[in-house]
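I opened this model with a notebook beside me, and here is what I looked up, entry by entry. Have the structure on screen as you read along.

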Amino acid sequence: MNGRIRLARSEETEQIRQLLKEIAKWFQTNAINQWSYLLEGGDYAEIHRAILNNETYVLEKDNEIIGTFTVSTKQSDWDLEIWGESNDPSIYIHRLAMGLNHKGNGVGMETLQWIAGHFAGCVKYLRLDCVAHNQKLNQFYQNCGFTLIGQMGDFNKYQKLLN
């Protein structure tokens, strides 16, 4: 990977929130109904909590944050709603985002490969969800080796078995 992945720091909360809002605006401009709550300031406390709990990572290149993601082995309220209660040892991936200047250059796929490698000895599955109507994103996850295992409401559920 051209850059590095590291845990996010508390003082980077606003920068991460702005990156997520940038992607939410891009979704809105492209008629994709995803993450619109971020444009109204929603999830700010959750984003900060995940950083404080060492669940949020950043992708850094040339001292610039170019992407972010959050992972957790514990199911959030959202995960429980989407997946139901699960005792399978899993990592739940949330808020995976690459800056607009870095979309389409393989960084997202490399990031998911890093996550799989980093947590391979700890869990059985990587799990994530995305809006069902976002065809490009759904195809991206499938291209990264995730299997569509169902739908809950307007969201597709994807899972990847780790060795």
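**Entry 1: the end of a helix.** I began at Gly-145, which follows α6 and has a positive phi, near 90°. My element names are DSSP runs numbered from the N terminus: helices are H or I with at least four residues, strands are E with at least two.

**Ground rules.** I am working with a predicted model, in which local features need pLDDT of at least 70 and side-chain atom pairs count only at pLDDT 80 or more, while totals for chains, interfaces and linings use all residues. Residues are numbered from 1 along each chain as its sequence is written, and side-chain values use heavy atoms, with hydrogens and water left out.

Entry 2: Which residues of α6 are buried? I found Leu-137, Asn-138 and Tyr-141; buried means under 20% relative accessible area, exposed over 50%, and partly exposed in between, with a 1.4 Å probe and protein chains only. These residues cover an arc of only 100° around the axis, so they sit on the same side of α6; the arc is taken over the directions from the helix axis to the C-beta atoms. On the face turned away from that buried side I noted the exposed residues Gln-135, Lys-136 and Asn-143. The cover over the buried residues includes β4, α5, β5 and β7.

**Entry 3: Tyr-141 up close.** I set aside its neighbours within four places in sequence and listed the contacts of Tyr-141: Leu-96, Leu-112, Leu-128, Cys-130, Phe-146 and Tyr-158. Contact here means heavy atoms within 4.5 Å.

**Entry 4: the cores.** I then looked at the largest nonpolar core, which has 25 residues; Ile-93, Leu-112, Tyr-141 and Phe-146 have the most contacts inside it. A nonpolar core is a set of buried Ala, Val, Leu, Ile, Met, Phe, Trp, Tyr and Cys residues joined through side-chain atoms within 4.5 Å. Two or more residues each come from β2 (56–61), β3 (64–72), β4 (90–98), α5 (107–119), β5 (125–131) and α6 (135–143). The largest share, five residues, is from α5. I also found a second, separate core of 15 residues, with Ile-16, Leu-19, Phe-27 and Ile-32 among them.

**Entry 5: the sheet.** In what order do the strands lie? I traced seven strands in an open, mixed sheet: β1-β2-β3-β4-β5-β7-β6. Strands pair if DSSP finds at least two bridges between them. At the edges, β1 (4–7) and β6 (147–152) each pair on one side only. From one strand to the next, the twist averages 30°. α6 packs on this sheet, touching β4, β5 and β7 (155–161), and its direction makes about 165° with that of β5. Such angles run from 0 to 180 degrees between N-to-C directions, with axes fitted as lines to C-alpha atoms, for helices over the stretch in contact.

**Entry 6: rings.** I counted 10 aromatic pairs. Phe, Tyr and Trp rings (the six-membered one for Trp) pair if their centres lie within 6.5 Å; planes under 30 degrees apart are stacked, over 60 edge-to-face, the rest tilted. Tyr-57 and Phe-69 are stacked, because their ring centres are 5.1 Å apart and their planes at 5°. Tyr-57 is in strand β2 and Phe-69 in strand β3, 12 residues apart, and both are buried. Elsewhere in my notes, ring pairs link Phe-140, Tyr-141, Phe-146 and Tyr-158 into a cluster.
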